[in-house]
Amino acid sequence: MTLLLKNVTYTFPKKESPVIDKLYLTVQQGEFVSLIGKSGTGKSTILKLITGLLTADEGEISLYKKPVTLGDVGYMPQKDLLFPWRTILDNIMIGAEIQKEIKLSKEDARSWLKKVGLKDYEQAYPNQLSGGMRQRVAFLRTLLTEKDVLLLDEPFGALDSITKKEMQAWLLSIWQELDKTIIFITHDLEEACYLSDRIILLKDDRTIEETTVPLPRPRYQEMLHSQILLELRKELEKKI
Ligand SMILES: Nc1ncnc2c1ncn2[C@@H]1O[C@H](COP(=O)(O)OP(=O)(O)OP(=O)(O)O)[C@@H](O)[C@H]1O
């Protein structure tokens, strides 16, 4: 098992009740897990607890059987944290600058930018990009930290549907090729069904409900219209 959250409880300062209450969750090596649920059910909080940005009041969070510490996992927050004074190329090079073990040349970085359709923007600054473009840069930056576990908080939320489909296909191919473990937050149930091995629904009463996605791998875009996916989506819609 890669990641274990055991009886994790967390209450924000000055709040009366916990937002995360005795959460038990395991994620296997190479698994693609999505977190879904209404706004405010604690999805982003779970990712912040796993990264170590927040510390659980009770319970344990371990990665490869050791307590997680800041920097162990790759994390893309909901709000992109691109540095406004650095070009796009320099923004995605930052991991390699900070961590010497990451070997990322400018050439490699340029070819990654090309893969996400941002070839012509390497010298642009974040404020010259649209929301969707910035998301793609933030996503690349997270990917290029070379961590095994990636936590992605609504990475494709601001994308138009065509770009979103392209990014989904690309994410699936990278996930398979690089054997990453992914925890993915989305409000798009079709996206959750299409990408995931398992979907975790966070409910208002702070419990969770897990669903295994019965679609084979690899996934193809045609599966978006399959009966299995449509039914699963409908079922989740009712529960949410
Ligand atoms: N820094 C904070 N201080 C106090 N309360 C917070 C803080 N951050 C989040 N909360 C509260 O914790 C609850 C869970 O927030 P969280 O952002 O984890 O939900 P979410 O499921 O990710 O929501 P969304 O789908 O809207 O992104 C909400 O009620 C929110 O108001």
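This is a predicted model: local features need pLDDT of at least 70, side-chain atom pairs count only at pLDDT 80 or more; totals for chains, interfaces and linings use all residues.
## Strand 8 and its neighbours

Strand 3 (residues 32-37) and strand 8 run parallel and are joined by 4 bridges. Within this pairing, Leu35 has Ile185 of strand 8 as its bridge partner.

Strand 8 (residues 181-185) is mostly covered, with 5 of its 5 residues buried. In a regular strand the side chains alternate between the two faces of the sheet. Both faces of strand 8 are covered. Thr181, Ile183 and Ile185 are buried on one side, while Ile182 and Phe184 are buried on the other.

## The chain as a whole

The secondary structure of the chain consists of 8 helices and 10 strands. Along its principal axes, the C-alpha trace spans about 45 × 45 × 30 Å. A compact globule of 240 residues would have a radius of gyration near 18 Å, and the chain agrees with this because its own value is 18 Å.

Of the 240 residues in the chain, 33% are buried. Among contacts with a separation of 6 or more, 66% are between residues 24 or more positions apart.

## An open antiparallel sheet

Strands of a sheet pair through backbone hydrogen bonds, either parallel or antiparallel.

Strand 4 (residues 58-63) pairs with strand 5 in the antiparallel sense over 2 bridges. Ser62 stands opposite Pro67, a residue of strand 5.

## Helix 5

Helix 5 (residues 131-143) contains 13 residues. From its first C-alpha to its last it reaches 18 Å, close to the 18 Å expected at 1.5 Å a residue.

This helix is mostly covered, as 10 of its 13 residues are buried. The buried residues are Met133, Arg134, Gln135, Arg136, Val137, Ala138, Phe139, Arg141, Thr142 and Leu143. Their covering includes two strands, namely strand 6 (74-76) and strand 7 (149-153). It also includes helix 2 (88-92), helix 3 (94-98) and helix 6 (161-178).

## The surroundings of the ligand

The ligand is surrounded by Phe12, Lys15, Val19, Gly37, Ser39, Gly40, Thr41, Gly42, Lys43, Ser44 and Thr45. By class, this shell has 2 nonpolar, 7 polar and 2 charged residues. Helix 1 (residues 43-51) provides the largest share of the shell, 3 residues.

## Thr87 in a loop

Thr87 lies in the loop between strand 6 and helix 2. Thr87 has 16 other C-beta atoms within 10 Å and is therefore partly exposed. A residue counts as buried at 20 or more such atoms and as exposed at 12 or fewer, with partly exposed in between.

Thr87 and Glu122 are 35 residues apart in sequence, and their C-alpha atoms are 6.6 Å apart in space. Leaving aside residues up to four places away in sequence, Thr87 touches Glu122, Gln123, Ala124 and Tyr125.

How values were computed. Residues are numbered from 1 along each chain as its sequence is written. A residue is near a molecule or strand if its C-beta atom, placed from the backbone, lies within 6 Å of it. Ala, Val, Leu, Ile, Met, Phe, Trp, Tyr, Cys and Pro count as nonpolar, Asp, Glu, Lys and Arg as charged, and the others, Gly among them, as polar. The radius of gyration is taken over C-alpha atoms; the globule rule is 2.2 Å times the number of residues to the power 0.38. Two residues are in contact if their C-beta atoms, placed from the backbone, lie within 7 Å. The expected span of a helix is 1.5 Å times one less than its number of residues. Two strands pair if DSSP finds at least two bridges between them.
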